[in-house]
Amino acid sequence: MSFRWDIIFEYAPFLLKGTLLTIGLSVSSILIGTFLGLLIGLGKIMKNKVLAFPFYGYVTVFRGTPLLVQIFLIHFGIVPFFTGETNAVTAGVIALSLNAAAYIAEIFRAGIQSIDKGQMEGARSLGMTHAQTMIHVVLPQAFKRMIPPLGNEFIALLKDSSLLCVIAAPELMYWGKAMGSQYFKVWEPYLACAFIYLFLTLILSFVLNRLERRLKTE
């Protein structure tokens, strides 16, 4: 059985369109997930356990259930409940963001708690508020330590975006499945998608490695 390059070239415009949407979905989810993850991570380290409990519950639920189940619940349940209709792209961004936030929250929590408590006490003794100390002293130091795990989470999120094909979000894997269904082929569509995902993750890894090395020299 010969490898058919012609169908890959035929679907190239659709694969490119899907790749651009995959990048858009990933970047949007990373930004939203990082913001939410920071808030949740700060919530988990609050001394008041009653106030911190909802943040612990959030992380437990989203880390303890499959992302695919979360995508289905958000796409077919939560989004239609609030809007009356559903949209695969919107539901996909929400699902990826909420899922990533749970993992990123743990990264922020661990990074913040890895900073010596003397840093906080010293800054407070100089008259800085808790918020000022966190923003200007603790977080900058913790961020350098969080780059590797955050990078791993970003790469995982990029690959996890392929799950959105099950709700017909027209990202990369959606068009790969369409190619395979039309021509009853396996190698051509999925090898093409695998190569594109590999290319994207290598670029992201390169950028993160450069950022990590740059922060270490500062």
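## Packing of H1 against H6

Helix H1 (residues 5-44) packs on helix H6 (residues 130-160) at an angle of about 140°, and their axes lie 11 Å apart. Helices here are DSSP runs (H or I, at least four residues), numbered from the N terminus as are strands (E, at least two). Axes are lines fitted to C-alpha atoms, for helices over the stretch in contact, and angles run from 0 to 180 degrees between N-to-C directions. H1 is therefore oblique to H6, a class left over once angles under 35 degrees (roughly parallel), over 145 (roughly antiparallel) and 65 to 115 (roughly perpendicular) are set aside. The crossing of H1 and H6 is right-handed, that is, the near helix is turned clockwise from the far one by less than a right angle.

On the H1 side, the contact (heavy atoms within 4.5 Å) is made by Thr22, Ser26, Ser29, Ile30, Thr34, Leu38 and Leu42. H6 contributes Met134, Leu139, Phe154, Leu157 and Leu158. By class, the contact of H1 with H6 comprises eight nonpolar, four polar and no charged residues. Ala, Val, Leu, Ile, Met, Phe, Trp, Tyr, Cys and Pro count as nonpolar, Asp, Glu, Lys and Arg as charged, and the others, Gly among them, as polar.

## Basis of the model

The model is predicted: local features need pLDDT of at least 70, side-chain atom pairs count only at pLDDT 80 or more, and totals for chains, interfaces and linings use all residues. Residues are numbered from 1 along each chain as its sequence is written, and side-chain values use heavy atoms, with hydrogens and water left out.

## Nonpolar cores

A nonpolar core is a set of buried Ala, Val, Leu, Ile, Met, Phe, Trp, Tyr and Cys residues joined through side-chain atoms within 4.5 Å. Buried means under 20% relative accessible area, exposed over 50%, and partly exposed in between (1.4 Å probe, protein chains only). The largest core has 17 residues, and those with the most contacts inside it are Ile104, Ile112, Met134, Val138, Met146, Leu150 and Phe154. Helix H4 (88-113) and H6 each supply at least two residues of this core, and H6 gives the most, with eight.

Apart from this core lies another, of 15 residues, including Ile8, Leu172, Trp175 and Tyr197.

Ser161 lies in the loop between H6 and helix H7 (172-183). Ser161 counts as buried because its relative accessibility is 0%. Beyond its neighbours within four places in sequence, Ser161 contacts Thr22, Ser26, Leu96, Glu171 and Tyr197.

Thr201 belongs to helix H8 (residues 187-217) and, at 12% relative accessibility, also counts as buried.
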